[in-house]
Amino acid sequence: MSKAERTKQFIIQKTAPLFNAKGYMGTSMNDMTEATGLTKGSIYGNFENKDEVALAAFEYNYNTIVNYLRQQIEVRTHSVDRLLVYPETYRKFLELPFLKAGCPILNTATEADDTHPQLRAKASAALQFWKKAVEKLIHTGIEKGEIKPETDATQLTYILMSIIEGAVMQAKVTGNPEVLKITMDFLEKKIQEIRA
């Protein structure tokens with residue numbers, strides 16, 4: 001990795017939590033220079049503009065979550081146990097350092113849905129990726145005889161995603177982890193019900 005690539009990566013790592021916590025509009029150049037210890041010129045020497053930094057920060061935040069979930073899923077063999085990674089992870093959402101500022105998909109989607117088409121497109125693509133990953137887990141489970149064959153993969157996936165994002169939003173706004181416990185217990189029960 002070249003010095004320029006290392007600097008770019010450093011800027012992304014340092015500004016990613018800012019963009020996730022404060023959003024695109026709320027993150028100022030001053031915030032970015034403070035977080036990185038670099039000058040405005042150094043940041044813009046590596047990125048064309050704030051948009052480019054924000055898009056890279058979203059990718060970084062999103063990939064951190066995807067990689068965490070993937071690691072948890074890969075150590076399990078049964079399809080239902082793999083699906084249970086979602087409620088188990090989001091139950092402790094407020095305790096995970098990289099999720100403390102909130103879910104980057106939810107944060108970005110709510111801020112950028114009408115204001116920033118590029119960020120909106122990134123959040124939309126992330127949701128599509130998540131949907132396909134969960135549906136694939138369910139279909140694989142059906143094929144392996146681990147999940148009841150009548151399970152509607154699309155329906156369960158939408159329910160799982162909506163419960164998680166809704167609970168995260170409420171927990172983040174109120175600071176109350178009870179909503180996570182109650183909704184993730186419910187989601188775990190729904191997932192256990194599809195076990196063949």
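**Notebook: contacts, rings and a helix crossing**

I began with the contacts of the protein chain: among those between residues at least 6 apart in sequence, 66% join residues at least 24 apart. I note that the model is a predicted one.

**Entry 1. Overall make-up.** I looked up the secondary structure next. The protein chain has 10 helices and zero strands, and from the N terminus on its elements run α-α-α-α-α-α-α-α-α-α. I then took the extent along the principal axes, where the C-alpha atoms fill a box of roughly 60 × 40 × 30 Å. For burial, I recorded that 42% of the 196 residues of the protein chain count as buried.

**Entry 2. Aromatic pairs.** How many aromatic pairs does the structure hold? I found three. I examined one of them, formed by Tyr62 and Phe129: the pair is edge-to-face, with 6.3 Å centre to centre and 85° between the planes. The angle is over 60 degrees, so the pair falls in the edge-to-face class. This pair links distant parts of the chain, with Tyr62 in helix α4 (residues 50–74) and Phe129 in helix α8 (residues 117–143), 67 residues apart.

**Entry 3. Charges over rings.** I looked for lysines placed over aromatic rings and recorded two cases. The charged end of Lys8 sits over the ring of Phe47, 5.1 Å from the ring centre. Lys50 lies over the face of Tyr24, and here the distance to the ring centre is 4.5 Å.

**Entry 4. Helices α8 and α9.** I returned to α8, the helix that holds Phe129, and looked up how it packs with helix α9 (residues 153–174). Two packed helices are described by the angle between their axes and the distance between the axes. The axes of α8 and α9 come within 9 Å and cross at roughly 130°. That angle makes α8 oblique to α9. I recorded the crossing of α8 past α9 as right-handed.

Which residues meet here? From α8 I listed Leu127, Trp130, Lys131, Val134, Glu135, Ile138 and His139. In α9 they meet Ala153, Thr154, Leu156, Thr157, Tyr158, Leu160, Met161, Ile164 and Glu165.

Terms used:
Residues numbered from 1 in each chain as written. Predicted model: local features only at pLDDT ≥ 70, side-chain atom pairs only at ≥ 80, totals over all residues. Heavy atoms only, no water. Phe/Tyr/Trp six-rings, centres within 6.5 Å; stacked < 30°, edge-to-face > 60°. Helix = DSSP H or I, 4+ residues; strand = E, 2+ residues; numbered from the N terminus. Lys NZ or Arg CZ within 6 Å of the ring centre and 35° of its normal. Axes fitted to C-alpha atoms, helices over the stretch in contact; angles between N-to-C directions. Parallel < 35°, antiparallel > 145°, perpendicular 65-115°, else oblique. Left-handed = near helix turned anticlockwise from the far one by under 90°. Contact = heavy atoms within 4.5 Å. Buried < 20%, exposed > 50% of the residue type's maximum accessible area, 1.4 Å probe, protein only.
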